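Please keep the sequence and the structure open side by side as you read.

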Amino acid sequence: MTEIFLVEDDQVIAKNLIILLQAEGFVVTHAANMSDAFAKVRENKFDLALVDVSLPDGNGFTVCTEIKALQEIPVIFLTASADESSVVTGLTMGADDYITKPFRPRELVARIKNSLRKSGQVQTAFEVLGLYVDSTSGSVRKNGSDVFLSALEYRLLLVFVNHPKSILTRERLLDELWDAAGEFVNDNTLTVYIKRLREKIEDEPAKPQIIQTVRGIGYRLGGSNV
């Protein structure tokens, strides 16, 4: 399981972030101030840190320095300050990304996963019932043969392999795809893309085993070892 270290003093924001990240399959450890953050980063091993810049007993820049000294993990700053000097300071202190509040939840999750991929903290190759997906090279193969997907079909497939244990509602899929490949996706076109994707990756598209329908709810990834 991927371990996220959240350093955030606002309890409402922290609670909502924990719910969001846990729903994405992350394990979250929370610290509400600098001293608590110092103690927890010395006692635990994490894969990525989300750090608020403004803390009641110090600042996130100092926390970032401590984290980087103890663990080789990505640090993403969360802050209400968008001025250029704060951004430069954060990146100079070793931060890997900088997100200004308020932020869109899906964007935050995407930025986290991107930082994890760059740092080599997450799996980038997946195999599901003879379907092999390598998100680093962007290649897809079925039983050893290349599968050619459109940009949006590929993005749709990645949503499933990145959430192997989740039932994905149509609303969730639309939320994930709305800006992918610069194409407009509504409920009707989502049905078309799922049909096209199944035709390319399923042994029997009429009896799908990889992208399974959960009647009345949505879809899920079939028997996988991801």
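Helix α1 (residues 11-23) gives the largest share of the lining of the second largest pocket, four residues. Please bear in mind that this is a predicted model.

- Sorted by class, the lining holds six nonpolar residues, one polar residue and one charged residue.
- Pro102 sits in the loop between β7 and α5.

- Asp52 belongs to strand β3.
- Is Asp52 buried or exposed? Its relative accessible area is 4%, and because buried means under 20%, Asp52 counts as buried.
- An unreviewed UniProt entry carries the annotation "modified residue: 4-aspartylphosphate" for Asp52.
- Leaving aside residues up to four places away in sequence, Asp52 touches Val7, Glu8, Asp9, Gly60, Leu78, Thr79 and Lys101.
- With Lys101, Asp52 also forms a salt bridge, in which the closest N and O atoms are 3.3 Å apart.
- This pair connects distant parts of the chain: Lys101 lies in the loop between β7 (97-100) and α5 (105-119), Asp52 lies in strand β3 (residues 48-52), and 49 residues separate them.
- Both Lys101 and Asp52 are buried.

**Other salt bridges**

- How many salt bridges does the model have? The count comes to 12.
- Asp97 has a relative accessible area of 16% and is buried, whereas Arg111, at 23%, is partly exposed.
- Another salt bridge joins Asp203 to Lys142, with 3.7 Å between the closest N and O atoms.
- Asp203 is in the loop between α8 (187-201) and β13 (211-214), while Lys142 is in strand β10 (residues 139-142); the two are 61 residues apart, and the pair links distant parts of the chain.

- Why is helix α7 (residues 170-177) described as largely enclosed by the rest of the structure? The description holds because six of its eight residues are buried.
- Those buried residues of α7 are Arg170, Arg172, Leu173, Leu174, Glu176 and Leu177.
- The cover over the buried residues of α7 includes α5, α6 (151-161), β12 (167-169), α8 and β14 (218-221).
- Asp187 is a residue of helix α8, and it touches Arg170 and Leu174, not counting residues up to four places away in sequence.
- Asp187 is partly exposed, with a relative accessible area of 38%.
- Between the C-alpha atoms of Asp187 and Ile217 the separation is 14 Å, and the two residues are 30 apart along the chain.

**Positive phi angles**

- Leu129, a residue other than glycine, has a positive phi near 50°.
- You will find Leu129 in the loop between β8 (125-128) and β9 (131-134), where Leu129 is partly exposed at 42% relative accessible area.
- Asn143 is not a glycine either, yet its phi is positive, at about 50°.
- Asn143 lies in the loop between β10 and β11 (145-146).
- With a relative accessible area of 53%, Asn143 is exposed.

Terms used: Residues are numbered from 1 along each chain as its sequence is written. This is a predicted model: local features need pLDDT of at least 70, side-chain atom pairs count only at pLDDT 80 or more; totals for chains, interfaces and linings use all residues. Side-chain values use heavy atoms; hydrogens and water are left out. A salt bridge is a side-chain nitrogen of Lys or Arg within 4 Å of a carboxyl oxygen of Asp or Glu. Buried means under 20% relative accessible area, exposed over 50%, partly exposed in between (1.4 Å probe, protein chains only). UniProt positions are given in the numbering used here, feature names are shortened, and annotations may be inferred rather than shown by experiment. Contact means heavy atoms within 4.5 Å. Ala, Val, Leu, Ile, Met, Phe, Trp, Tyr, Cys and Pro count as nonpolar, Asp, Glu, Lys and Arg as charged, and the others, Gly among them, as polar.
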